[in-house]
Amino acid sequence: MKEEIAVIFDMDGVICHTNPYHSMAFREFFSKRDLSPTDEEFAMHMFGKSNSYILSHFLQRVIEGEELLQMENEKESLFRQIYEPYIDPIEGIVAFIHDLHSNGSKLGVATSAPQANLDLILTKVPIRSHLGSIMASENVKKHKPDPEVYLTSAKNLGVEPDQCVVFEDSFSGVSAAINAGMRVVGVLSSHTKEELPPCNLYIENYREMTYQKIKALF
């Protein structure tokens, strides 16, 4: 086994339970346009997807360029406004990240969400000082399930993909990590095991997670 281990976390549904609040923001956004997607449609076409995909899918036309930026800003501003009073990390993650850091693991965050959302969460979840790589939607050309965000994260951390473990909660996110050649821990916050591609390990929260459990994956 190579000595250095890197652990990379997605954000939505992995660091915090944000998905219900994204749903609220999208519902408000779409209701202004006389649309009312179902919970099933959200589960299939929202969680883990980029805004360009979500907006194009539900508005049934390609949303790109300046229009995409405007719509994305509107929806993400709604999300931050709704979510700010409720920011709360998933149980055990802060202690787990401290444990990883104290054992010399390299740490990163790789999200499909905008930088402003990540910044908001990192103001309330005290992990920023441990992160050697921070990637948001603005930092990539291709979104998950493309492996770009994870391959770039590995490069930022100075490790090879096979030295990385990724924590993900969505089908496209797990697929991105697998496509990058990394080990994956499935966080069952918005999907069941059956709804995700096969992972190396599955967790509900981080209460039982330790550096030693990560080391054992190699």
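For the residue classes used along the way, Ala, Val, Leu, Ile, Met, Phe, Trp, Tyr, Cys and Pro count as nonpolar, Asp, Glu, Lys and Arg as charged, and the others, Gly among them, as polar. Keep in mind that this is a predicted model.

**Stop one: the second largest pocket.** Select A43, M44, F47, K49, S170, F171, S172, S190, H191 and E195, and you have its lining. Sorted by class, that lining holds four nonpolar, four polar and two charged residues. Now show helix 2 (39-45) and helix 8 (171-179), each of which supplies at least two of the lining residues. The volume of this pocket is about 180 Å³.

**Stop two: the largest pocket.** This one has a volume of about 280 Å³. Pick L68, L69, E72, S137 and E138: of the 15 residues in the lining, these lie nearest the pocket's centre. Helix 4 provides the largest share, with six residues. By class, you'll find four nonpolar, seven polar and four charged residues around the largest pocket.

**Stop three: helix 4 against helix 6.** To see the contact, select E76, F79, R80 and Y83 on helix 4, then A116, N117, L120 and I121 on helix 6. Colour these by class and you get five nonpolar, one polar and two charged.

Notes. Residues numbered from 1 in each chain as written. Predicted model: local features only at pLDDT ≥ 70, side-chain atom pairs only at ≥ 80, totals over all residues. Heavy atoms only, no water. Contact = heavy atoms within 4.5 Å. Helix = DSSP H or I, 4+ residues; strand = E, 2+ residues; numbered from the N terminus. 1 Å grid on protein atoms, 1.4 Å probe; cavity = no way out; pocket = protein on both sides within 12 Å on 5 of 7 lines; lining within 4 Å. Points joined across faces, edges and corners; volume = space filled by probe spheres on them.
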